[in-house]
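Hi everyone, thanks for coming.

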Amino acid sequence: MAEIGRDIALAKAYLEQGDLVGIPTETVYGLAGNALDEQAVVRIFETKNRPAFDPLILHTDSLEKVKSFVTSIPEPLGLLAREFWPGPLTVLLKKKAMISDLVTSGLDRVAVRIPNHPLTLDLLRALDFPLAAPSANPFGYISPTQAIHVQAQLGEKIDYILDGGPCAIGLESTIVGIESGTVVIYRMGGLDLSAIEKCVGNISIRSHSSSHPAAPGQLKSHYAPRKPLFVGNLDQMIQEKLDQGSRFGVLSWTKNYALPEGFPQYPLSETGDLAEAARNLFGYLRHLDESEVACILSEWLPEVGLGRAINDRLRRAATMG
Ligand code: TXA
Ligand code: MG
(Lines give C-alpha, C1' and ligand atoms only; values in the text may rest on other atoms or scores of the structure.)
(Ligands and ions follow the chains in the order given, each with its own letter.)
Protein backbone atom coordinates (compact mmCIF):
# COMPACT_ATOMS: atom_id res chain seq x y z
CA MET A 1 0.00 0.00 0.00
CA ALA A 2 1.09 3.60 -0.54
CA GLU A 3 2.16 5.70 2.41
CA ILE A 4 -0.18 8.64 3.03
CA GLY A 5 1.31 11.83 4.49
CA ARG A 6 2.06 15.51 4.16
CA ASP A 7 5.80 15.28 3.52
CA ILE A 8 6.63 17.49 0.54
CA ALA A 9 10.35 16.60 0.62
CA LEU A 10 9.49 12.90 0.39
CA ALA A 11 7.02 13.48 -2.46
CA LYS A 12 9.71 15.50 -4.24
CA ALA A 13 12.28 12.74 -3.77
CA TYR A 14 9.95 10.11 -5.28
CA LEU A 15 9.11 12.37 -8.24
CA GLU A 16 12.79 13.18 -8.87
CA GLN A 17 13.62 9.50 -9.16
CA GLY A 18 10.84 8.97 -11.73
CA ASP A 19 8.21 7.53 -9.37
CA LEU A 20 4.56 8.54 -9.26
CA VAL A 21 2.86 10.33 -6.35
CA GLY A 22 -0.81 11.01 -5.60
CA ILE A 23 -1.28 14.78 -5.22
CA PRO A 24 -4.17 16.86 -3.89
CA THR A 25 -5.66 19.69 -5.92
CA GLU A 26 -8.75 21.80 -5.37
CA THR A 27 -10.59 19.84 -8.09
CA VAL A 28 -9.71 16.14 -7.72
CA TYR A 29 -6.58 14.18 -6.71
CA GLY A 30 -4.00 13.68 -9.44
CA LEU A 31 -1.60 10.85 -10.26
CA ALA A 32 1.57 12.86 -10.78
CA GLY A 33 4.87 12.15 -12.49
CA ASN A 34 7.74 14.16 -13.99
CA ALA A 35 6.28 15.45 -17.27
CA LEU A 36 9.77 15.78 -18.79
CA ASP A 37 10.65 12.14 -18.07
CA GLU A 38 9.13 9.89 -20.75
CA GLN A 39 9.44 6.80 -18.57
CA ALA A 40 7.47 8.46 -15.79
CA VAL A 41 4.84 9.53 -18.32
CA VAL A 42 4.53 5.98 -19.64
CA ARG A 43 4.10 4.76 -16.06
CA ILE A 44 1.18 7.15 -15.59
CA PHE A 45 -0.64 5.61 -18.56
CA GLU A 46 0.14 2.07 -17.35
CA THR A 47 -0.84 2.73 -13.74
CA LYS A 48 -4.23 4.17 -14.74
CA ASN A 49 -4.79 1.71 -17.56
CA ARG A 50 -5.29 4.77 -19.67
CA PRO A 51 -5.33 4.55 -23.48
CA ALA A 52 -2.42 6.38 -25.13
CA PHE A 53 -4.81 8.58 -27.12
CA ASP A 54 -5.94 10.39 -23.95
CA PRO A 55 -3.46 13.24 -23.29
CA LEU A 56 -2.32 14.50 -19.87
CA ILE A 57 -2.49 17.90 -18.16
CA LEU A 58 0.74 19.67 -17.16
CA HIS A 59 0.69 21.15 -13.67
CA THR A 60 3.00 23.95 -12.64
CA ASP A 61 3.05 26.91 -10.26
CA SER A 62 3.69 30.09 -12.24
CA LEU A 63 2.85 31.81 -15.51
CA GLU A 64 6.61 32.19 -16.16
CA LYS A 65 7.04 28.43 -16.05
CA VAL A 66 3.99 27.94 -18.28
CA LYS A 67 5.61 30.27 -20.84
CA SER A 68 8.68 28.05 -20.95
CA PHE A 69 6.57 25.07 -22.14
CA VAL A 70 4.43 26.77 -24.81
CA THR A 71 5.10 28.87 -27.91
CA SER A 72 2.70 31.68 -26.93
CA ILE A 73 -0.40 32.48 -24.90
CA PRO A 74 -3.00 34.09 -27.18
CA GLU A 75 -4.62 37.04 -25.46
CA PRO A 76 -8.09 35.94 -24.48
CA LEU A 77 -6.52 32.83 -22.92
CA GLY A 78 -3.87 34.93 -21.18
CA LEU A 79 -6.65 37.00 -19.68
CA LEU A 80 -8.34 33.86 -18.33
CA ALA A 81 -5.04 32.51 -17.00
CA ARG A 82 -4.27 35.73 -15.15
CA GLU A 83 -7.79 35.92 -13.77
CA PHE A 84 -8.31 32.32 -12.66
CA TRP A 85 -4.88 30.77 -11.94
CA PRO A 86 -4.21 29.23 -9.55
CA GLY A 87 -7.61 27.61 -9.97
CA PRO A 88 -9.87 25.05 -11.66
CA LEU A 89 -8.99 26.12 -15.21
CA THR A 90 -6.98 24.17 -17.80
CA VAL A 91 -5.78 25.96 -20.92
CA LEU A 92 -4.81 24.30 -24.23
CA LEU A 93 -1.72 26.02 -25.70
CA LYS A 94 0.69 25.28 -28.57
CA LYS A 95 3.47 23.18 -27.08
CA LYS A 96 7.21 23.60 -27.48
CA ALA A 97 9.23 20.59 -28.67
CA MET A 98 10.51 19.98 -25.13
CA ILE A 99 7.06 18.64 -24.22
CA SER A 100 6.89 15.01 -25.34
CA ASP A 101 4.25 13.80 -27.79
CA LEU A 102 3.52 11.14 -25.19
CA VAL A 103 2.08 13.82 -22.89
CA THR A 104 -0.14 15.30 -25.60
CA SER A 105 -0.92 12.03 -27.42
CA GLY A 106 0.62 13.55 -30.52
CA LEU A 107 -1.53 16.70 -30.50
CA ASP A 108 0.18 20.03 -31.06
CA ARG A 109 -1.47 21.66 -28.04
CA VAL A 110 -0.63 20.86 -24.45
CA ALA A 111 -3.10 21.22 -21.57
CA VAL A 112 -1.69 23.33 -18.72
CA ARG A 113 -2.98 24.33 -15.34
CA ILE A 114 -1.85 25.96 -12.10
CA PRO A 115 -3.81 24.15 -9.39
CA ASN A 116 -4.92 25.97 -6.26
CA HIS A 117 -3.84 23.80 -3.38
CA PRO A 118 -1.24 25.01 -0.87
CA LEU A 119 0.58 21.66 -0.48
CA THR A 120 0.76 20.99 -4.19
CA LEU A 121 1.81 24.57 -4.96
CA ASP A 122 4.66 24.18 -2.44
CA LEU A 123 5.64 20.90 -4.09
CA LEU A 124 5.53 22.42 -7.60
CA ARG A 125 7.68 25.38 -6.47
CA ALA A 126 10.26 22.97 -5.14
CA LEU A 127 10.49 20.98 -8.39
CA ASP A 128 12.44 21.99 -11.48
CA PHE A 129 10.03 20.17 -13.81
CA PRO A 130 6.25 20.29 -14.36
CA LEU A 131 4.03 17.42 -13.24
CA ALA A 132 1.88 15.48 -15.67
CA ALA A 133 -1.19 14.50 -13.67
CA PRO A 134 -4.44 12.91 -14.77
CA SER A 135 -7.09 12.25 -12.15
CA ALA A 136 -5.84 9.47 -9.85
CA ASN A 137 -8.43 6.81 -10.74
CA PRO A 138 -8.37 3.79 -13.03
CA PHE A 139 -9.42 4.98 -16.52
CA GLY A 140 -13.16 5.50 -16.80
CA TYR A 141 -13.91 5.23 -13.06
CA ILE A 142 -15.07 7.90 -10.59
CA SER A 143 -12.43 10.58 -9.84
CA PRO A 144 -10.92 10.67 -6.32
CA THR A 145 -11.66 13.59 -4.01
CA GLN A 146 -9.84 12.24 -0.92
CA ALA A 147 -6.46 10.60 -0.33
CA ILE A 148 -8.20 7.36 0.77
CA HIS A 149 -9.92 7.16 -2.63
CA VAL A 150 -6.51 7.14 -4.30
CA GLN A 151 -5.28 4.57 -1.80
CA ALA A 152 -8.29 2.31 -2.45
CA GLN A 153 -7.65 2.10 -6.18
CA LEU A 154 -4.03 2.85 -6.93
CA GLY A 155 -2.43 2.28 -3.52
CA GLU A 156 -0.84 -1.00 -4.64
CA LYS A 157 0.84 0.68 -7.59
CA ILE A 158 2.37 3.85 -6.10
CA ASP A 159 4.58 4.63 -3.10
CA TYR A 160 3.24 7.88 -1.76
CA ILE A 161 0.05 9.96 -1.57
CA LEU A 162 0.29 13.56 -0.45
CA ASP A 163 -2.75 14.13 1.76
CA GLY A 164 -4.30 17.55 1.28
CA GLY A 165 -7.70 16.71 2.77
CA PRO A 166 -10.98 16.56 0.84
CA CYS A 167 -10.97 18.52 -2.44
CA ALA A 168 -12.55 21.97 -2.06
CA ILE A 169 -14.30 21.87 -5.46
CA GLY A 170 -14.72 18.18 -6.22
CA LEU A 171 -15.13 18.41 -10.01
CA GLU A 172 -12.31 18.38 -12.57
CA SER A 173 -11.04 21.63 -14.07
CA THR A 174 -12.82 23.42 -16.89
CA ILE A 175 -10.80 22.99 -20.11
CA VAL A 176 -10.56 25.92 -22.56
CA GLY A 177 -8.76 26.68 -25.80
CA ILE A 178 -9.12 29.08 -28.69
CA GLU A 179 -10.38 28.50 -32.24
CA SER A 180 -10.57 31.37 -34.79
CA GLY A 181 -10.33 33.93 -32.01
CA THR A 182 -13.19 32.45 -29.95
CA VAL A 183 -12.72 30.81 -26.56
CA VAL A 184 -13.91 27.21 -26.73
CA ILE A 185 -14.93 25.06 -23.76
CA TYR A 186 -13.82 21.43 -24.19
CA ARG A 187 -14.84 20.20 -20.76
CA MET A 188 -17.21 21.82 -18.31
CA GLY A 189 -15.81 21.69 -14.81
CA GLY A 190 -15.10 23.42 -11.55
CA LEU A 191 -14.86 26.91 -13.06
CA ASP A 192 -18.35 28.14 -13.86
CA LEU A 193 -18.88 29.13 -17.51
CA SER A 194 -20.50 32.43 -16.54
CA ALA A 195 -17.25 33.50 -14.84
CA ILE A 196 -15.43 32.80 -18.11
CA GLU A 197 -18.03 34.67 -20.17
CA LYS A 198 -17.81 37.65 -17.85
CA CYS A 199 -14.08 37.75 -18.54
CA VAL A 200 -13.91 37.14 -22.32
CA GLY A 201 -17.43 37.61 -23.69
CA ASN A 202 -18.87 35.05 -26.09
CA ILE A 203 -17.70 31.47 -25.74
CA SER A 204 -18.43 28.32 -27.68
CA ILE A 205 -19.10 24.96 -26.02
CA ARG A 206 -17.60 21.92 -27.71
CA SER A 207 -17.98 19.39 -24.96
CA HIS A 208 -20.51 17.01 -26.42
CA SER A 209 -18.55 15.33 -29.17
CA SER A 210 -18.35 11.63 -28.49
CA SER A 211 -16.76 9.61 -31.29
CA HIS A 212 -13.50 11.54 -31.70
CA PRO A 213 -13.48 13.79 -28.68
CA ALA A 214 -10.97 16.61 -28.42
CA ALA A 215 -10.90 15.83 -24.69
CA PRO A 216 -11.43 12.15 -23.95
CA GLY A 217 -12.84 13.10 -20.55
CA GLN A 218 -15.73 13.75 -22.90
CA LEU A 219 -16.04 10.13 -23.95
CA LYS A 220 -19.61 9.02 -23.57
CA SER A 221 -18.88 6.57 -20.79
CA HIS A 222 -16.61 8.05 -18.14
CA TYR A 223 -16.62 8.89 -14.45
CA ALA A 224 -18.70 5.73 -14.08
CA PRO A 225 -19.47 3.54 -11.07
CA ARG A 226 -19.50 -0.24 -11.55
CA LYS A 227 -23.12 -0.48 -10.51
CA PRO A 228 -25.68 0.63 -13.11
CA LEU A 229 -26.62 4.29 -12.63
CA PHE A 230 -29.99 5.56 -13.85
CA VAL A 231 -30.74 9.28 -13.98
CA GLY A 232 -34.30 10.58 -14.32
CA ASN A 233 -37.49 11.11 -12.35
CA LEU A 234 -36.71 9.75 -8.88
CA ASP A 235 -40.32 9.27 -7.70
CA GLN A 236 -41.07 7.16 -10.76
CA MET A 237 -37.84 5.18 -10.75
CA ILE A 238 -38.05 4.47 -7.00
CA GLN A 239 -41.60 3.12 -7.41
CA GLU A 240 -40.56 0.91 -10.34
CA LYS A 241 -37.59 -0.55 -8.50
CA LEU A 242 -39.67 -1.15 -5.35
CA ASP A 243 -42.27 -2.97 -7.49
CA GLN A 244 -39.49 -5.13 -8.92
CA GLY A 245 -38.25 -5.92 -5.41
CA SER A 246 -34.81 -4.64 -6.30
CA ARG A 247 -32.37 -3.16 -3.76
CA PHE A 248 -31.10 0.26 -4.81
CA GLY A 249 -29.45 3.42 -3.54
CA VAL A 250 -30.45 7.02 -4.22
CA LEU A 251 -28.32 10.05 -5.07
CA SER A 252 -30.72 12.99 -4.96
CA TRP A 253 -30.34 16.74 -5.37
CA THR A 254 -31.86 18.07 -2.11
CA LYS A 255 -34.61 15.71 -0.91
CA ASN A 256 -34.75 12.62 1.28
CA TYR A 257 -37.15 9.97 -0.02
CA ALA A 258 -39.24 7.45 1.92
CA LEU A 259 -37.20 4.29 1.36
CA PRO A 260 -37.22 0.88 3.05
CA GLU A 261 -34.89 0.41 6.03
CA GLY A 262 -31.27 0.10 4.98
CA PHE A 263 -31.58 1.50 1.45
CA PRO A 264 -28.79 4.10 1.26
CA GLN A 265 -29.57 7.61 0.08
CA TYR A 266 -27.44 10.73 -0.24
CA PRO A 267 -28.86 14.19 -0.95
CA LEU A 268 -26.07 16.13 -2.69
CA SER A 269 -27.05 19.34 -0.88
CA GLU A 270 -30.11 19.62 1.36
CA THR A 271 -29.94 23.41 1.08
CA GLY A 272 -29.71 23.39 -2.72
CA ASP A 273 -26.12 24.65 -2.85
CA LEU A 274 -24.49 23.60 -6.15
CA ALA A 275 -20.94 24.05 -4.83
CA GLU A 276 -21.73 21.68 -1.95
CA ALA A 277 -23.31 19.24 -4.42
CA ALA A 278 -20.14 19.33 -6.55
CA ARG A 279 -17.96 18.62 -3.50
CA ASN A 280 -20.13 15.64 -2.56
CA LEU A 281 -20.81 14.13 -5.99
CA PHE A 282 -17.89 11.73 -6.52
CA GLY A 283 -17.59 10.68 -2.85
CA TYR A 284 -21.30 9.83 -2.63
CA LEU A 285 -21.19 7.92 -5.93
CA ARG A 286 -18.31 5.90 -4.49
CA HIS A 287 -20.22 5.13 -1.25
CA LEU A 288 -23.20 3.97 -3.28
CA ASP A 289 -21.03 1.91 -5.61
CA GLU A 290 -19.45 0.20 -2.58
CA SER A 291 -22.76 -0.44 -0.81
CA GLU A 292 -24.91 -3.55 -1.14
CA VAL A 293 -27.21 -2.30 -3.86
CA ALA A 294 -28.02 -3.59 -7.32
CA CYS A 295 -28.21 -0.13 -8.90
CA ILE A 296 -28.05 3.60 -8.21
CA LEU A 297 -30.89 6.01 -8.98
CA SER A 298 -30.26 9.71 -9.42
CA GLU A 299 -31.80 12.86 -10.86
CA TRP A 300 -30.69 15.89 -12.89
CA LEU A 301 -29.67 19.03 -11.06
CA PRO A 302 -30.70 22.52 -12.21
CA GLU A 303 -28.90 23.19 -15.52
CA VAL A 304 -27.23 26.38 -14.23
CA GLY A 305 -23.75 27.23 -12.94
CA LEU A 306 -21.91 24.19 -11.58
CA GLY A 307 -25.13 22.23 -12.11
CA ARG A 308 -24.22 21.98 -15.80
CA ALA A 309 -20.87 20.35 -15.05
CA ILE A 310 -22.48 18.02 -12.48
CA ASN A 311 -25.14 16.98 -15.01
CA ASP A 312 -22.39 16.42 -17.59
CA ARG A 313 -20.68 13.96 -15.20
CA LEU A 314 -23.99 12.22 -14.37
CA ARG A 315 -24.75 11.89 -18.09
CA ARG A 316 -21.41 10.23 -18.78
CA ALA A 317 -21.57 8.05 -15.68
CA ALA A 318 -25.10 6.88 -16.46
CA THR A 319 -25.92 3.47 -17.87
CA MET A 320 -26.96 3.84 -21.48
CA GLY A 321 -30.25 2.83 -22.97
O1 TXA B 1 -8.98 19.00 -12.49
C2 TXA B 1 -8.28 18.40 -13.29
O3 TXA B 1 -8.12 18.78 -14.46
C4 TXA B 1 -7.59 17.12 -12.78
C5 TXA B 1 -6.56 17.50 -11.72
C6 TXA B 1 -5.72 16.32 -11.27
O7 TXA B 1 -5.76 18.55 -12.21
N8 TXA B 1 -7.01 16.41 -13.87
C9 TXA B 1 -7.78 15.74 -14.77
O10 TXA B 1 -7.01 15.03 -15.68
O11 TXA B 1 -8.99 15.75 -14.79
P12 TXA B 1 -7.61 13.91 -16.62
O13 TXA B 1 -6.41 13.36 -17.31
O14 TXA B 1 -8.43 12.97 -15.85
O15 TXA B 1 -8.47 14.69 -17.66
C16 TXA B 1 -7.80 15.56 -18.52
C17 TXA B 1 -8.57 15.83 -19.74
C18 TXA B 1 -8.67 14.60 -20.56
O19 TXA B 1 -10.00 14.40 -20.99
C20 TXA B 1 -7.74 14.91 -21.70
O21 TXA B 1 -8.12 14.29 -22.86
C22 TXA B 1 -7.84 16.41 -21.82
O23 TXA B 1 -7.87 16.82 -20.48
N24 TXA B 1 -6.67 16.93 -22.49
C25 TXA B 1 -5.42 16.89 -22.04
N26 TXA B 1 -4.56 17.37 -22.97
C27 TXA B 1 -5.31 17.71 -24.03
C28 TXA B 1 -5.01 18.26 -25.31
N29 TXA B 1 -3.75 18.53 -25.68
N30 TXA B 1 -6.04 18.49 -26.16
C31 TXA B 1 -7.29 18.19 -25.80
N32 TXA B 1 -7.64 17.67 -24.61
C33 TXA B 1 -6.66 17.44 -23.72
MG1 MG C 1 -9.96 11.81 -15.40
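When two helices cross, we call the crossing left-handed if the near helix is turned anticlockwise from the far one by less than a right angle, and right-handed if it's turned clockwise. Keep in mind, by the way, that this is a predicted model.

So, which way does H1 pass H6? In a right-handed crossing. Helix H1 covers residues 8-16 and helix H6 covers residues 118-126, and their axes come within 10 Å, crossing at roughly 50 degrees. That angle makes H1 oblique to H6. And who's doing the touching? On the H1 side we have Ile8, Ala11, Lys12 and Leu15, and they meet Leu119, Asp122, Leu123 and Ala126 in H6. Sort that contact by class and you get six nonpolar residues, two charged ones and no polar ones.

Okay, on to the sheet. Quick background: strands of a sheet pair through backbone hydrogen bonds, either parallel or antiparallel. Here, 11 strands form an open sheet with mixed pairing, and the order is S1-S8-S2-S3-S7-S4-S6-S5-S9-S10-S11. Strands S1 (3-5) and S11 (203-205) stand at the edges with a single partner strand each, so one side of each has no neighbour in the sheet.

Let's zoom in on one pair. Strand S2 (residues 21-23) and strand S3 (residues 30-34) run antiparallel, joined by three bridges. Glycine 22, for instance, has leucine 31 in S3 as its bridge partner. Helix H2 (residues 38-48) packs on the sheet, where it touches S3 and strand S7 (131-132), and its direction makes about 155 degrees with that of S3.

Methods:
Residues numbered from 1 in each chain as written. Chains lettered and ligands numbered in written order. Predicted model: local features only at pLDDT ≥ 70, side-chain atom pairs only at ≥ 80, totals over all residues. Heavy atoms only, no water. Pairing = 2+ DSSP bridges. Helix = DSSP H or I, 4+ residues; strand = E, 2+ residues; numbered from the N terminus. Contact = heavy atoms within 4.5 Å. Axes fitted to C-alpha atoms, helices over the stretch in contact; angles between N-to-C directions. Parallel < 35°, antiparallel > 145°, perpendicular 65-115°, else oblique. Nonpolar A, V, L, I, M, F, W, Y, C, P; charged D, E, K, R; others polar.
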